[in-house]
Amino acid sequence: MSQARLMDGTSLARRILEETGKRAAGLTERTGTAPCLATVLVGEDPASVTYVRMKQNRCRKAGITSRHVALPAATTTEELVGTLEALSADPGVHGILLQHPMGEHIDERAAFEAIAPGKDVDGVTFASFATMSFGLPGFVSCTPGGVMRLLDEYGVDPAGKRAVVVGRSAILGKPAGMLLLARDATVTYCHSRTRDLSAAVREADIVVAAVGRPRLIRGQDVKPGAVVIDAGYNPGNIGDVDFDSAAERASLITPVPGGVGPMTIATLLEQTVDAAARQLGAAGV
Ligand code: NAP
């Protein structure tokens, strides 16, 4: 029987989106301009098309305009960089989301770096990674930012705790660890070359699973009372954590779906309104 309390990302995300909608309306009223998020998609990968559509729908509901740029799969890095530079320079666009993964032929880093840091509402640029890591104001990578909000919402202070992040991707694992470090956790990163993953996870007061391997983290490796955050999302709505066995030992745990997932879009939209407020000279809205 499950003992852990659920960390409900769906309801927290709904509250953040309601607040973001109010702020977007206030900004539009005060400046005459609605916040605008540009979404850029290369190719027609069905999952990416769905993600972009979800983000656009959420924008509409929150009173944020979205401008979609659909590029053919054969787009070169140079062409993509040109598009992103143009959006970066366009005063009518306040935030830019480049949906990834892109095609193998595209230099993903070059594309991300073409996004102006002030419009990097998805938190993918080197500049955003640096501010995140130093705990300075800036845009956070959306999924890790959502993870931190969930911890705060449930009263989990990372300071002094042992946090184990499983996964070290540029958009998820690495920034999640840096955000935890900036909040004074003692952070261990695990990855595909980690020798004894179970032993590392057993030490964790906070586990963040960001791998993309169904049920990799088993309950037997969860320290009793630990907080378990499952950022993984595998086909069939399966997380990276074996929920039933982990919930027996954890004090708090995120479900999949309904945990980390909804927090990502909420963070994206919140940061879009932050970016628009700054660019429209209405900080504080
Ligand atoms: P990724 O780029 O494929 O990175 C996966 C990471 O897991 C890598 O660092 C890899 O190590 C590590 N890894 C792979 N196998 C491992 C193993 N057996 N033991 C320990 N570590 C292992 O994936 P990602 O983009 O970070 O995404 C990870 C998961 O999060 C996916 O399920 C994805 O769908 C989900 N996700 C969810 C959201 C959301 O909004 N909820 C957003 C983004 C991603 P190496 O570095 O050594 O290769």
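Which residue has a polar backbone atom 3.5 Å from a nitrogen atom of the ligand? Select H191 to find out: its backbone supplies that polar atom. Keep in mind throughout that this model is predicted.

**Stop 1**

An N or O atom in the side chain of S192 lies 2.5 Å from an oxygen atom of the ligand. Now select Y233. How much of the ligand does the protein cover? On its own, the ligand has 930 Å² of accessible area, and the protein covers 69% of that.

**Stop 2: the shell around the ligand**

Show the 20 residues around the ligand. Colour R168, S169, S192, Y233 and T264, because these come nearest. Then colour the shell by residue type. Eight residues are nonpolar, 10 are polar and two are charged.

**Stop 3: the cysteines**

The whole structure has zero. A disulfide needs the two sulfur atoms within 2.5 Å.

Is C36 buried or exposed? C36 is buried, because its relative accessibility is 5%. Finish on C59. With 0% relative accessibility, C59 also counts as buried.

Conventions. Residues are numbered from 1 along each chain as its sequence is written. This is a predicted model: local features need pLDDT of at least 70, side-chain atom pairs count only at pLDDT 80 or more; totals for chains, interfaces and linings use all residues. Side-chain values use heavy atoms; hydrogens and water are left out. A residue is near a molecule or strand if one of its heavy atoms lies within 4 Å of it. A polar contact is a pair of N or O atoms within 3.5 Å; within protein, one must be able to donate a hydrogen and the other to accept it, and residues adjacent in sequence count only if both atoms are side-chain atoms. Accessible areas come from the Shrake-Rupley method with a 1.4 Å probe; for residues, only the protein chains shown count as cover. Ala, Val, Leu, Ile, Met, Phe, Trp, Tyr, Cys and Pro count as nonpolar, Asp, Glu, Lys and Arg as charged, and the others, Gly among them, as polar. Buried means under 20% relative accessible area, exposed over 50%, partly exposed in between (1.4 Å probe, protein chains only).
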